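Please look over the structure shown here before reading the briefing. The points that follow are grouped by topic.

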Amino acid sequence: MRADTIPARFEVLDERFANCRGDSRFERLYDGCRWAEGPVYVPAGRYLVWSDIPNERMLRWDEMTGNVGLFRSPSGFSNGNTLDREGRLVTCEHGNRRVSRTEHDGTITVIADRFDGKRLNSPNDVVVRSDGSIWFTDPAYGIDSDYEGHQAASEIGACNVYRVDPQTAQVTLVADDFERPNGLAFSLDETLLYVADTRRNHIRVFPVDRNGDVGASKLFTDCTSGVFDGFRLDNTGRLWAGVGEGVHCFDPDGTLIGKLHLPEAVANLTFGGPQRNRLFITATTSLYSIRLNVTGAWTLSSSR
Ligand code: MG
């Protein structure tokens, strides 16, 4: 299937961004979503899966043919997706209020649906560390209304960040001082965890030790225009964030060095393609891609 193309507008705010640019056009790979989120590239299958939350479905774009088809429907109002260390799909489900794993045989395993005996709100985004631990955010967007899930009261009464132990499957609290935790990712060496708070509109960074214990956070950056949602790192540690108005790129020191402007509000993104230099962006109704002069951080979880 031939994709539409749209002129790409890069805004260079710092010379460190000048060499990051790539193609002069975005490709629009699909445009039939209601609210596109949670892209994950699957290298072994050369396809990308993402969520169309209000339509309660997951879609798959085939890199070899350009075709798009249903991956899963109903999807439990899925949102964020990633791959674990074995290449299995890990999915946040607003509607089922859980994080799940799709096994190699296609069956679905519940990874987490409760904390301290109470149901989760509506897991939003997820990342897997190299030790197999699964980290996710749990804001209330999927229980605030029936639009992206099922309206309900929060049992926990807070919007937290959690970690699932790879051996015991125990869910532990990582942070309880967020209003709407959303995107998250690890630094390249996994000594730092970045977490966005969409309501406060900033990204905070936590030190993480080898055992997965987290220290006190500090501010990484505020969002100067738009709203922080999902993000990924490239292989130099730059952070690429979906912010509504487009994509913002941050140096590891927290400086906003450049922007990509898109015609629709951006929620999330991921790097993919055989060389991992293709940025896939979920933006409202559409899935876009653009080849950049940078490479995504190489990991099966596609997020560090
Ligand atoms: Mg999100």
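A residue counts as buried when its relative accessible area is under 20%, and as exposed when that area is over 50%. At 11% relative accessibility, Asp229 is therefore a buried residue. The model is a predicted one. The briefing starts with the metal site, where Asp229 is one of the donors.

**The magnesium site**

- The magnesium ion is coordinated by Glu37 through OE, Asn124 through OD1, Asn182 through OD1 and Asp229 through OD.
- These donors lie at 2.2 to 2.8 Å from the magnesium ion.
- Along the chain, the donors of the magnesium ion follow the spacing E-x86-N-x57-N-x46-D.
- Asn124 and Asp229 link distant parts of the chain, as they are 105 residues apart.
- Asn124 lies in the loop between strand S13 (118-119) and strand S14 (126-128), whereas Asp229 lies in the loop between strand S21 (218-222) and strand S22 (231-233).
- Asn124 has a relative accessibility of 3%, so this residue counts as buried.

- Glu63 is found in the loop between strand S6 (57-62) and strand S7 (68-72).
- The relative accessible area of Glu63 is 14%, which means that Glu63 is buried, since the cut-off is under 20%.
- The side chain of Glu63 makes a polar contact of 2.6 Å with the side chain of Tyr41.
- A polar contact of 2.7 Å joins the side chain of Glu63 to that of Arg46.
- Leaving aside residues up to four places away in sequence, Glu63 touches Tyr41, Arg46, Tyr47, Gly273, Pro274 and Arg278.

**The largest nonpolar core**

- The largest nonpolar core has 22 residues.
- Phe26, Trp240, Leu260, Leu279 and Ile281 touch the most other members of this core.
- Two or more residues of the core come from each of strand S24 (244-250), strand S25 (256-266), strand S26 (268-272), strand S27 (278-283) and strand S28 (286-291).
- S25 gives the largest share of the core, with 4 residues.

**Aromatic pairs**

- The structure holds 14 aromatic pairs.
- In one of them, the ring centres of Trp61 and Phe280 are 5.3 Å apart and the planes stand at 55°, so this pair is tilted.
- Trp61 in strand S6 and Phe280 in strand S27 are 219 residues apart, and the pair links distant parts of the chain.
- Trp61 has a relative accessible area of 3% and is therefore buried.
- Phe280 is buried as well, because its relative accessible area is 0%.
- The rings of Phe228 and Phe250 also form a tilted pair, with centres 5.8 Å apart and planes at 55°.
- Phe228 lies in the loop between S21 and S22, and Phe250 lies in strand S24, 22 residues apart.
- Both Phe228 and Phe250 are buried.
- Phe10, Phe17, Trp240 and Phe271 are linked into a cluster by ring pairs.
- Trp240 of this cluster is also among the residues that touch the most other members of the largest nonpolar core.

**Charges over rings**

- The charged end of Arg60 sits over the ring of Tyr47, 5.6 Å from the ring centre.
- Tyr47 is also one of the residues that Glu63 touches.
- The charged end of Arg180 sits over the ring of Tyr141, at 5.8 Å from the ring centre.

Notes: Residues numbered from 1 in each chain as written. Predicted model: local features only at pLDDT ≥ 70, side-chain atom pairs only at ≥ 80, totals over all residues. Heavy atoms only, no water. Buried < 20%, exposed > 50% of the residue type's maximum accessible area, 1.4 Å probe, protein only. Polar contact = N/O pair within 3.5 Å; in protein donor to acceptor, adjacent residues only side chain to side chain. Contact = heavy atoms within 4.5 Å. Donors = N, O, S within 2.8 Å, 3.2 Å for Na, K, Ca; no water. Core = buried A, V, L, I, M, F, W, Y, C linked by side-chain atoms within 4.5 Å. Phe/Tyr/Trp six-rings, centres within 6.5 Å; stacked < 30°, edge-to-face > 60°. Lys NZ or Arg CZ within 6 Å of the ring centre and 35° of its normal.
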